[in-house]
Amino acid sequence: MFVSIEPILNSTVQKNPYEAEFHQAVTEVFRSIEKVMDSFPDFIYHKVLERMTEPERVVMFRVPWVDENEQLQINRGYRVEMSSAIGPYKGGLRFHPSVNLSIMKFLAFEQVFKNSLTSLSLGGGKGGSDFDPKGKSDLEVMRFCQSFMSELYRHIGETTDVPAGDIGVGGREIGYLFGQYKRLKNQFTGALTGKGTGWGGSFLRPEATGYGLVYFAARMLETREESFEGKTCLVSGSGNVAQFTVEKLLELGAKVVTLSDSSGYIFDGDGIDREKLEFVKELKNFRRGRIGEYKEKYPNAEYHHNPDVSEYNPLWNHAADCAFPCATQNEINLTDAQNLVNNGVQLVAEGANMPTRIEGVDLFLEKGLLYAPAKAANAGGVAVSGLEMAQNGSRIAWSRQKVDDELLKIMTRIHSMSVEHAERYSEAHNYVDGANIAGFIKVAQAMIDQGYV
Ligand code: NDP
């Protein structure tokens, strides 16, 4: 019997109008799940799909704060608690002016399956605000974080919901958020991950998403008996995920030629080496400058300021072997995907969440590229957050080496689970179906076991 997910998709779109990113994420997952529904009639009977697209809880709140000019500013805060079927809600906080309910819901939905793939006991959630930390003083960021947490603290906790960082939320913001949480609750508990290593954070949490992404991609190359040695790579973004993706790629012998931010991108044909990467880290993490400064320091590189991306993004139009989108959602459209294919790219692994539009994904699959969807490839960050929770629970700090070994094991396991589930359930045999199906079955089964909640 063939079970169509079309009516459930239509009803999700109707119930959540104007939420294009959420529709996109649900469609992408359901297209894979459709292939297994006839093997699991219980999932239909118990309305698992209908329940999964309805968040368990959405909190939306006002965040007032006073800027350096003593002007009152009002932002909107969110926490989408999507699923606690297999553990406490877990997922990052994003501070970016583009944040809205649709983006929060797509990220929370994706997070449910990603967290399931890690094999750790983590439910899925996501939160954030339309606050833009760019150009704000440390004091303004602190005031905002304190006001944001003055509401959020009611909804989170080490066994309830454990947020982490995402775009615009790094070590500085987690520090301010944790400080306020601790003050309001009068408890020093692991209610946030990504903390400083001196106060409950795990070694390797900042590196985890980028390192994990490259570990996963290395497993993919191995299936074709290849490695990163001598491969040319395109990387977008220049924040947390991009920086540590580049670091691990360099360690494995690859050459990286691009980085970007929302003002433009650099192309360095000589390769971004370790020294240049250190410059980028200092520029982005401490001076909070723009990527254009790279050109001032390394004049051989090209800098393209605010390139016209209305039809395609020129960053993706360079000859390369591998591509790692590490900036934001929908940064690769069909033309970008076509350019990547035309320029010889064999592997695309997603550091950012949902960076490729569905038509681009279809093209990669049709052309037989090694293509890793975000929920599998970038799960290293949440995995090490899960390890941070374990360390907090036992009040023991693991060594850097131990965390790295665990991260490598987890990424390798996600790779093999994705391959196995694709082979078992999908004739297409790709990482998209494999990851979606593997992540889904565990959550669906837990929902059925726990009754109608
Ligand atoms: P950061 O804030 O550290 O860096 C984000 C980078 O992407 C910056 O270079 C930023 O440029 C650029 N960027 C953000 N939004 C846009 C936009 N709309 N257009 C162009 N460029 C943009 O974030 P992360 O590195 O943490 O996150 C990057 C991606 O990785 C996101 O999709 C996130 O969801 C995903 N991710 C992150 C994880 C983590 O552990 N941090 C875990 C799993 C996924 P600018 O500075 O100009 O804004």
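Domain bounds, as I use them here, come from an automatic or database domain assignment. I am working on a predicted model, in which local features need pLDDT of at least 70 and side-chain atom pairs count only at pLDDT 80 or more, while totals for chains, interfaces and linings use all residues. Residues are numbered from 1 along each chain as its sequence is written, and side-chain values use heavy atoms, with hydrogens and water left out.

**Entry 1: the two domains**

I looked up the assignment and found domain 1 at 55-188 and domain 2 at 208-377. Taken over C-alpha atoms, the centres of domain 1 and domain 2 are separated by 27 Å. With contact meaning heavy atoms within 4.5 Å, I find 13 residues from domain 1 and eleven residues from domain 2 taking part.

The size of an interface is often given as the accessible area lost when the parts come together. I take buried area in that sense, as the accessible area (1.4 Å probe) that two parts lose on being put together, summed over both. Between domain 1 and domain 2 this comes to about 1000 Å², and carbon and sulfur atoms give 50% of the area. On the side of domain 1, the residues that lose the most area to domain 2 are F106, E110 and K114, which together make up 44% of what that side buries.

**Entry 2: pairs across the interface**

For salt bridges I apply the rule of a side-chain nitrogen of Lys or Arg within 4 Å of a carboxyl oxygen of Asp or Glu. The count between domain 1 and domain 2 is one salt bridge. E110 forms a salt bridge with K375, and the closest N and O atoms are 3.3 Å apart. Helix 5 (residues 101-117) gives seven residues to the side of domain 1 that touches domain 2, the most of any contributor; helices (H or I, at least four residues) and strands (E, at least two) are DSSP runs, numbered from the N terminus. E28, E110 and K375 are linked in a network of salt bridges.

**Entry 3: salt bridges over the whole model**

Which count does the salt-bridge rule give in total? By this rule I get 26 salt bridges, and I followed up three of the pairs.

R57 and E81 meet through their side chains in a salt bridge of 2.6 Å, N to O. R57 lies in strand 1 (residues 57-66) and E81 in strand 2 (residues 72-83), so the pair ties together parts that are 24 residues apart in sequence. For accessibility I use buried for under 20% relative accessible area, exposed for over 50%, and partly exposed in between (1.4 Å probe, protein chains only). On that scale R57 is partly exposed at 43%, whereas E81 is buried at 1%.

The side chains of D161 and R79 meet in a salt bridge of 2.7 Å, N to O. D161 lies in strand 5 (residues 161-164) and R79 in strand 2, so this pair ties together parts that are 82 residues apart in sequence. D161 is buried, with a relative accessible area of 0%, and R79 is buried with a value of 0%.

D166 forms a salt bridge with K126, the closest N and O atoms being 3.0 Å apart. The pair links distant parts of the chain, 40 residues apart, with D166 in the loop between strand 5 and helix 7 (171-185) and K126 in strand 4 (residues 124-129). K126 counts as buried at 2% relative accessibility.

Is E388 buried or exposed? E388 is placed in helix 15 (residues 380-394), and because its relative accessibility is 0%, E388 counts as buried. Leaving aside neighbours within four places in sequence, E388 is in contact with several residues, among them L192, G200, S202 and R205.

E331 sits in the loop between strand 11 (322-324) and helix 12 (334-342) and counts as buried at 11% relative accessibility. Apart from neighbours within four places in sequence, the contacts of E331 include S236, N313, W316 and P355.

**Entry 4: backbone angles**

Most residues other than glycine have a negative phi. I noted that R288 has a positive phi of about 50 degrees although it is not a glycine. R288 lies in the loop between helix 10 (274-286) and helix 11 (293-297) and counts as partly exposed at 42% relative accessibility. H429 also has a positive phi, near 50 degrees, and lies in the loop between helix 16 (400-425) and helix 17 (431-449).
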